[in-house]
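Morning, everyone. Let me put the model up, and then we will go through it piece by piece.

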Amino acid sequence: MGTVTGALPVPAFGIRVAAKPRVDYQNTPEGALVQRAQSGDETAFREIVERYQSKVFSIIHGIVRQRNDVEDIAQQVFAKVYLSLKSFDFRSSLITWIYKITVNECFDYLRKRKVRRLVYESDLSEDEVRRVENSEPAVDRQTPVDSSLAQRDYILKLLTRVSEEERMLLMLKEVEGFSVEELAEKTGMNENTIKVKLFRARQKLVKAATRLERTPGLVTG
Amino acid sequence: MHTVVMESLEEYLAGALEPAAQRTIEDHLSACRFCREEIRSMQDVSQLFLSLRTEEIVESSPGLYARVMQHVGRQKARPSFAGLFGLELAFGRRLAFSALLTLAILGGYLVSRETAYTGGPSPEAVMAQQESPAFDSAPAPDNMLVTLTAYEH
Ligand SMILES: [Zn+2]
């Protein structure tokens, strides 16, 4: 399967896709709000927090499912938004930018939690460690991952094998349900670029899954 | 994966293809095992994303803005601390390595100097001299020269 794909150059997609004029995010009401916040207007930043907090909360909850930690992560997300808002360049919509920061924070949180867990596990007895190992997501095709929890662990593990940008595009496409056209509009990239990036990202996920199936113990997460 | 499938991959996976385009892809898939297998793997992975969707409405707590600003205040209050721990791992490792290397070279040098010139001031004496207030009060370059000269002979 990989041989054909590997041998083919990535084709120029979208002979049928007409280039669309980019959305000028700077000249939208939201753009004006961001510019006010960028120039230090605290009420504008407050409006941004209030406008997007429920969206940010639900993205975080979808990924980490730890109610107690959602608020902490959300605080961290908006603190990052505040501190790096000056570098926001209006190439994408504000929510796309916030989305990316949120997903990154969630993965950062999961990585730290994994480290904490590994430290904790090292104090367990052999039997207990074995039980923990067995509770890892099923990685064999013969034993399909059926519980939603195991599926989530599994896809999150696979998503650590792609770049931040690929992760964001995949999440926007698969979790948020946006079309390629909508993604182009939100990110400021053209549709062909999005298709190529998504295709490569999907290949990486499949490859990572194959590797996990072959050597379940090798990749932990 | 062949172009005919790849071009419409995203719409196909999302189940959003027009009937005619859907037929074209299916015709190709029924004839091409490579594409069939690859797209199946991609569909499997695609399915997993459903587990990340949340129907649940997560209530954002009131007063988030105030807490975010406190958070920002705390982060601003410890810039050096953040900078220290924000060091890239690779950079940190290089830093640690070069520090060790410096110590090793310096140590080796001092030991060799000490054994070769037993009559001269010991490295400890030189270091003590450098730390003394008198060293600080005199013009620095001259003093440094004196120190080095004393050390050489
Ligand atoms: Zn084919």
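**Pocket, zinc site and chains**

The lining of the second largest pocket has 9 nonpolar, 6 polar and 11 charged residues. Nonpolar here covers Ala, Val, Leu, Ile, Met, Phe, Trp, Tyr, Cys and Pro; Asp, Glu, Lys and Arg are charged; the others, Gly among them, are polar.

A word on the model. It is predicted: local features need pLDDT of at least 70, side-chain atom pairs count only at pLDDT 80 or more, and totals for chains, interfaces and linings use all residues. Residues are numbered from 1 along each chain as its sequence is written, chains are lettered from A and ligands numbered from 1 in the order in which they are written, and side-chain values use heavy atoms, with hydrogens and water left out.

Back to the pocket. Its volume is about 520 Å³. Of its 26 lining residues, the closest to the centre are K173(A), E10(B), E11(B), A14(B) and A16(B). A pocket is an open set of points on a 1 Å grid over the protein atoms alone, where a 1.4 Å probe fits, with protein on both sides within 12 Å along at least five of seven lines; lining residues have an atom within 4 Å of a point. Points join across faces, edges and corners, and the volume is the space filled by probe spheres set on them.

Which helix gives the most to this lining? It is α2(B), with 4 residues. At least two residues each come from α8 (164-174), α9 (180-187) and α10 (191-214) of chain A, and from α2 (9-14) and α4 (33-48) of chain B. Helices are DSSP runs (H or I, at least four residues), strands likewise (E, at least two), numbered from the N terminus.

Now the zinc ion. Its donors are H2(B) through ND1, H28(B) through NE2, and C32(B) and C35(B) through SG, at 1.9 to 2.3 Å. Donors are N, O and S atoms within 2.8 Å of the metal (3.2 Å for Na, K and Ca). The spacing is H-x25-H-x3-C-x2-C. The site is tetrahedral, with angles of 106 to 114°; four donors qualify if all angles lie between 85 and 135 degrees.

Last, the chains. Chain A has 10 helices and 0 strands. Chain B also comes to 10 helices and 0 strands. Buried residues are 46% of the 221 in chain A, and 25% of the 153 in chain B.

Key. Four donors count as tetrahedral if all angles lie between 85 and 135 degrees; four count as square planar and six as octahedral if opposite donors are over 155 degrees apart and all others between 65 and 115; anything else is irregular. Buried means under 20% relative accessible area, exposed over 50%, partly exposed in between (1.4 Å probe, protein chains only).
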